[in-house]
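Please read it alongside the sequence and the structure shown here.

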Amino acid sequence: MLKWGIIGTGDVAYDVAYAIRFLPGNELTAVASRTKKNAETFAAVNQIPHVYDDFKALIASGETDIIYIATPNASHYPLMKYCLENKQHVLCEKPFTLNAKQAKEIQELTKQSGKFCMEAMWTRFIPSVLKVRELLNNNVIGEIKMIQGSFGGKLNKQRCFDLNQGGGSLLDLGVYLISLSFFLLGKPDEVSASASFSESGVDEQAGISLKYKSGALASLTCSFKADLENEFTLFGTRGMIKIGAPFYRSSILRIVQTPESTAENQNATAGVRRNPYALP
């Protein structure tokens with residue numbers, strides 16, 4: 001039985017706790033929040049026996065095998081580090097860390113500890129994305145030449161604009177687009193970006209460009225200030241695949257193939273809606 005501890009009691013933590021409760025071989029054993037009241041409420045809803053108002057106390061308690069971290073962005077690195085030092089497996093909400101230096105340190109510490117540590121990037125596991133990867137492996141739209149993705153909405157949550165908590169559109173929204181591009185097309189050879197900044201110092205909008213040796217490009221945009229399309233589209237030499245809005249939880253794909261490729265790929269795209277104009 002894998003015993004889970006949860007650090008942080010926000011909305012996403014409730015969703016993850018709900019899912020864990022239905023997984024055979026897993027159980028929720030402890031929860032920690034910044035206030036004991038929040039931890040007790042969370043524990044009551046999710047039938048968790050042990051409650052803490054101290055994150056490190058839960059990690060060091062010995063009551064868990066794996067810790068799920070759902071706290072503000074800036075706390076991810078120190079909490080993961082403490083988990084690994086205390087021989088705990090880790091599942092951490094995005095963003096994994098605030099910068100590459102922190103990520104490399106966690107990677108090295110994970111190797112030394114022999115424990116499992118992963119960013120909880122759920123978009124890599126949803127059925128629509130897994131189907132896209134299958135279609136690409138089957139050469140349904142040929143060689144990828146361009147990716148276009150956007151994720152944005154008018155947000156005013158304080159933490160999103162708090163530089164000390166790791167706020168900003170790139171770490172909150174852009175990471176989904178970048179992670180999905182890496183997942184489907186691999187590591188880029190060149191990266192460039194630009195951003196506009198709020199008075200608090202965080203990037204409130206950003207544009208990211210990825211370039212590959214194959215010639216493929218990815219154009220990604222994220223924003224706290226504008227309602228973007230929130231779609232993710234791959235353009236290939238033989239057609240296109242669109243993960244419809246919102247791409248991060250879409251259950252519908254739109255695929256358009258060039259006439260010469262449609263017949264030979266009919267079996268590979270079975271069950272996928274082809275519609276060149278609109279999603280249902």
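**Helix pair and sheet**

Helix α6 (residues 127-137) packs with helix α7 (residues 169-185) at an angle of about 35 degrees, and their axes are 10 Å apart. The model is predicted. The two helices cross in the right-handed sense.

Contact of α6 with α7
- On the α6 side, the residues in contact are V129, L130, V132, R133 and L136.
- On the α7 side, L180, F183 and L184 meet them.
- Sorted by class, this contact has seven nonpolar residues, one charged residue and no polar residues.

The sheet
- Seven strands form an open sheet with mixed pairing, in the order β8-β9-β10-β7-β11-β12-β13.
- The edges are β8 (190-197) and β13 (253-257); each has a single partner strand, so one side of each is left without a neighbour in the sheet.
- From one strand to the next, the twist averages 10 degrees.

- β13 pairs with strand β12 (residues 239-243) over five bridges, in the antiparallel sense.
- G239 has Q257 in β13 as its bridge partner.
- In general, the strands of a sheet pair through backbone hydrogen bonds, either parallel or antiparallel.

Helices on the sheet
- α6 packs on the sheet and touches β7 (144-152), β11 (232-236), β12 and β13.
- The direction of α6 makes about 170 degrees with that of β12.
- α7 lies across β7, β9 (203-211), β10 (217-223), β11 and β12.
- Relative to β10, α7 runs at about 160 degrees.

Technical notes:
Residues are numbered from 1 along each chain as its sequence is written. This is a predicted model: local features need pLDDT of at least 70, side-chain atom pairs count only at pLDDT 80 or more; totals for chains, interfaces and linings use all residues. Side-chain values use heavy atoms; hydrogens and water are left out. Axes are lines fitted to C-alpha atoms, for helices over the stretch in contact, and angles run from 0 to 180 degrees between N-to-C directions. Helices (H or I, at least four residues) and strands (E, at least two) are DSSP runs, numbered from the N terminus. A crossing is left-handed if the near helix is turned anticlockwise from the far one by less than a right angle, and right-handed if clockwise. Contact means heavy atoms within 4.5 Å. Ala, Val, Leu, Ile, Met, Phe, Trp, Tyr, Cys and Pro count as nonpolar, Asp, Glu, Lys and Arg as charged, and the others, Gly among them, as polar. Two strands pair if DSSP finds at least two bridges between them.
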